[in-house]
Amino acid sequence: MVVGLRFVFVVLWYTLCMFACIDTKWFVYPSLSQTLLPSVVAILMVIICTAYHCLHKETFRWNRIQIFALIWIVYVLLHGLMIASPEQYKQMYLVGHLLLLVGLIASLRSGLINRNHLVNGVFLIVGIHVLYLTLQRFGFMSSSNPYFELTGADENPNVTAIAISIGIPFILCRIKGEKKLWWYVVLLALCFVCLLALKCRTAYVGITCMFLFWLFRKFWQGNSKVRGNKLRWALLILISIFGVFAFAKMYSWKKDSADGRLFIWQRCCEIITEKPLGMGYGLYEHSYNLYQAHFFETHENARLESELATASGSAYNDVLEHGVQGGVVGSLFFLLFMLMLIRIAIRSRNSLLSCVMMAILVMSLINSICYSITPWLLTIVIAAMIGEEDNSIKSKKYSLLCQLAFVLFAVCFLGRNILMTKSQMMLNSYKSHHMEDVKLVKSLYPNIGTSEAYWRYLASCNEVMNDYRLASDCYDEALKYTSAPSLIYKSAMCKEKCGDIDKAIDRLNIACNMLPGKLSYKYSLMTMFLNLGDVNRAKEIAQRILVTPVKNASEKSLFIIDKAKEVVEQ
């Protein structure tokens, strides 16, 4: 029985790693496939881990990392209860990974799984990304994103590059320790080739941080061959100068992109200042894009200079993103979690894990790690390895209580996750087969949770039936969880058909201010004013069209500009 549990647990671990990378095409969005299925597998692993301990008549040997993860889970769930319209999918994503962390640490300490299996899982994730990139490069597989030639297994090439950069130190250690080197040498070479092809600054910053921190530890520890405080300080200064020079070059490489992130960080700080309790986990995109639209509307100079502005799905800084969602306390939870892992890794004198965690912390300050699927899974794996080395809290009574509460919650969480996963798979089936029966789609409502994809599809089904009032209500529900400009635009058009002209104008204004460089939204707003006979406001929008820089002089954009000139000349 024990051997069987070990085998099943290891198989589930490798299955989880594959599901986190591969889009099964069973869901509306690839991200749902790469989060819901791994979450189900992760909770099954947690339950098996608990069963394994019961067979051995043992309780979890809880340590600081596990207790911290449980407190974080409680905070995320309680915070969701304080929000008027909480988003469930991101909550489940975060809670599921923290539950996995607790289970992996317990499994490592009990012998249910060993560290080699976890490292092999890291290699599997990196290998899948490298395989996808190779097939995409030679034309055997299409890119996951039409805007990029190479993306790897993820839609975002930066996510792929970050995951590969995290895996490189483990490959180097395996080369150093194994006799059969060539497999790992080939994988390492392919990793560097892929990183060069992806041109991801965040990955380059991460590798640079690993190298600099490794140098610092090598020359600063007491067993270093470099003797003398003056020489050590000189080396530290040289390393610091090199680091500053490298980061400066990274900034100047894509200055517009870097300035765009600085703009997002400034707005995030303003949101946290105004809402220190947070907007709700999973509601970053919804909250930030609406705030950005309001900012451009009230800051005319910023609006005229914002031709590079786009709708933001990420803060490109996990501390700020957690602050927008979970408030100041949410930011502290993430930051303390990362610092605690680094501290424990350094105190245990594990150079590999401390260097990688330091790099992950730095990368999380300039890009999204927590909500990037494979990088965050790799972070959880590294945290579990660090947690294996942490001291246990000696209290059998509290240990048993924590374990009972933990397994009960895991079972309930698994049931809810399975229902949501099944509903999302059915929604994708309806959509792919063009099943637009409103009653059939509505049957998914009790179990599908806060899915904007569900409300969006239900709205389109009502539009097919020419029931624009119900379609408008569905769009309103979807807009509780997202503020995608395309969805706001569809909602505005639907409200216009319902006769809610004032609300349609408000929605179009939001879309125009959210994406100041989007001419088509401004054209729709101008046309709406012309249909209402409001020539003055139509001219105002036409003038805004004419001063908007055109990125691509397409036939459509030239047509809009010509129409705007006609309106101005009236």
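The protein chain holds 25 helices and 0 strands, where helices (H or I, at least four residues) and strands (E, at least two) are DSSP runs numbered from the N terminus. This is a predicted model, in which local features need pLDDT of at least 70, side-chain atom pairs count only at pLDDT 80 or more, and totals for chains, interfaces and linings use all residues. Residues are numbered from 1 along each chain as its sequence is written, and side-chain values use heavy atoms, with hydrogens and water left out.

Of the 570 residues in the protein chain, 53% are buried, a word that stands for under 20% relative accessible area, with exposed meaning over 50% and partly exposed in between (1.4 Å probe, protein chains only).

The axes of helix 3 (residues 64-81) and helix 4 (residues 88-110) come within 9 Å and cross at roughly 160 degrees, the axes being lines fitted to C-alpha atoms over the stretch in contact, with angles running from 0 to 180 degrees between N-to-C directions. The two helices are therefore roughly antiparallel to each other, a label used for angles over 145 degrees, while those under 35 count as roughly parallel, 65 to 115 as roughly perpendicular and the rest as oblique. Among the residues that meet are Trp72 and Ile73 in helix 3 and Leu98 and Leu99 in helix 4, contact meaning heavy atoms within 4.5 Å.

Further along, Pro157 has its place in helix 6 (residues 157-177), and Pro157 counts as buried because its relative accessibility is 5%. Leaving aside neighbours within four places in sequence, Pro157 is in contact with Phe148, Leu150, Thr151 and Leu198.
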